[in-house]
Amino acid sequence: MPVNSTDTPIKQQDPEKPGFVEKLGYGMAGGANNVVWTGISTFLVYFYTDVVGVAAGLIGTIFLFSRLIDGASDVAMGVVLDKTRTRFGKARPWLLWLALPFAVVATALFAVPDASTTVQIIYIIITYNIALLVYTAVEIPHGTLGALITYDQHQRSVLNVAKMVGAYVAIIAITNITLPIVDFLGGGQTGWVYTFIVFGLVAAATYFFTFWSTKERTDPVGTKQGKDRPTVKASLISLMRNKYWFIATLVLLLMYIYNAITAGVAIFYSEYVLGNPALVGLVATALTLATLGGMLIVVPITRRFGKRNTAIVGCLIAVFGSLIIFLVPDSTAVVVIGQIVRGIGKAAIMGVIFAMLADTMEYGEWKTGIRIEGLIYSGASMGIKVGTGLGSALIGWGLAASGYLGGQDTQSAEAVTMISNLFIWVPTLVSVLMAVLLYFFKLDKQYPQILEELQAMKSAKA
């Protein structure tokens, strides 16, 4: 059928569009992911250094190598997901199966034993890596589910925004209520453990709702004809030939370095630059609330200007926000304004990047004849994990190199300068790199023709 824009619905391929409850369920799982993961990414380095007392540099190294190892599990999970066949579909069952295990391992992260440093390190390595594995087995199916719900490019953008809105609502809540809940539940390590028991149960209940409320509709070429799924080798070759997947994955890697740095350094910046650790809620919420607000207008903007162009402008806005903070770095008001501007820029990137990734599935199928939803998302998830690990590692290594000492009321001038550099200049550099990569992502204009040709191929094989 004729296509007039990159986001025009292809009605013949997807007669059933997701309704409100389905979009709500899909979006709420984005919140479930972050009920636990925001707590981990924002507070876990702080918990290990200032509550448990482990050296910051050691924690940074553990986080990085764990994320690199976890990257291999992402690819494995993508292969497993592509071969999953149940009466509930291929992605939805994983949310059902792993909801409660995810809650358990999230809590275990904070139950570090009162033992020797060696025992504590071993415990941290084991529980952190198990948590990453379980998170992988939940997040990859949820991310892939968006492409399984619909072929419609515009509806995918809507689902992506729903996911991001759910995520940022959870981020706002968790960054603001975690420390008060920890104090309310007894403070110290006990308070942290009880807090994450609550968070884990909330996340599990949300995954159950997502499983119940969503439906997998798309029918990849050859599935109904009973043809064999592609081999792992063929799937990997197909992935390597997908240039737009590479670009989207690298942008995701950089975006999650950005996320890890801005989230993980916020509590240190609040305490040692702004002078009050309790300001972490305000600093983080300014960024997140602005991101959430920006999400609400991303869809109409992308329909007018395209996803790539929207994301590039978002990168430039994020750079401007960092420069605002640089003007008066110890002013809470200025930092909040800079965070708001950063959040608007971040919304333009996060509001489209997963929809851009979903579009690479059709590009890869068109180019190679092989459709690999799970492997495409899992490969990108590897980028997310490595990016988050690099961001967390940069925090630990930077603090260690500057002479930071956890649990102290004051820090050296070198440590405070390092905290400022991590909070202001690393995100600036990352934003510039993302803009450069996005310049080469030109799938928006190609996508309508690709989808028409795929539809013709399906009709010919029916």
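This is a predicted model: local features need pLDDT of at least 70, side-chain atom pairs count only at pLDDT 80 or more; totals for chains, interfaces and linings use all residues.
A salt bridge here is a side-chain nitrogen of Lys or Arg within 4 Å of a carboxyl oxygen of Asp or Glu.

**Exercise 1.** Find out which parts of the chain the salt bridge between Glu22 and Arg217 links.

*Solution.* Start with the distance: the closest N and O atoms of Glu22 and Arg217 are 2.8 Å apart, and the cut-off is 4 Å. Glu22 sits in helix 1 (residues 20–52), while Arg217 lies in the loop between helix 6 (188–213) and helix 7 (232–240). The two are 195 residues apart, so the pair links distant parts of the chain. Finally, check Glu22 itself: its relative accessible area is 6%, which makes it buried.

**Exercise 2.** Decide whether Lys307 and Asp359 are buried or exposed.

*Solution.* Buried means under 20% relative accessible area. Lys307 has 1% and counts as buried; Asp359, at 2%, is buried too. These residues form a salt bridge, with closest N and O atoms 3.2 Å apart. Their bridge links helix 11 (residues 307–327) to helix 12 (residues 332–368), across 52 residues of chain.

**Exercise 3.** Work out where the largest nonpolar core lies relative to domain 1 and domain 2.

*Solution.* This core has 133 residues, and Tyr48, Phe268, Tyr269 and Phe354 touch the most other members. Domain 1 (16–217) and domain 2 (232–454) both contribute residues, so the core lies between them. For a closer look, take Tyr48: among the residues it touches are Phe63, Leu109 and Ile124.

Note on methods
Residues are numbered from 1 along each chain as its sequence is written. Side-chain values use heavy atoms; hydrogens and water are left out. A nonpolar core is a set of buried Ala, Val, Leu, Ile, Met, Phe, Trp, Tyr and Cys residues joined through side-chain atoms within 4.5 Å. Buried means under 20% relative accessible area, exposed over 50%, partly exposed in between (1.4 Å probe, protein chains only). Domain bounds come from an automatic or database domain assignment. Contact means heavy atoms within 4.5 Å. Helices (H or I, at least four residues) and strands (E, at least two) are DSSP runs, numbered from the N terminus. Lists of a residue's contacts leave out its neighbours within four places in sequence.
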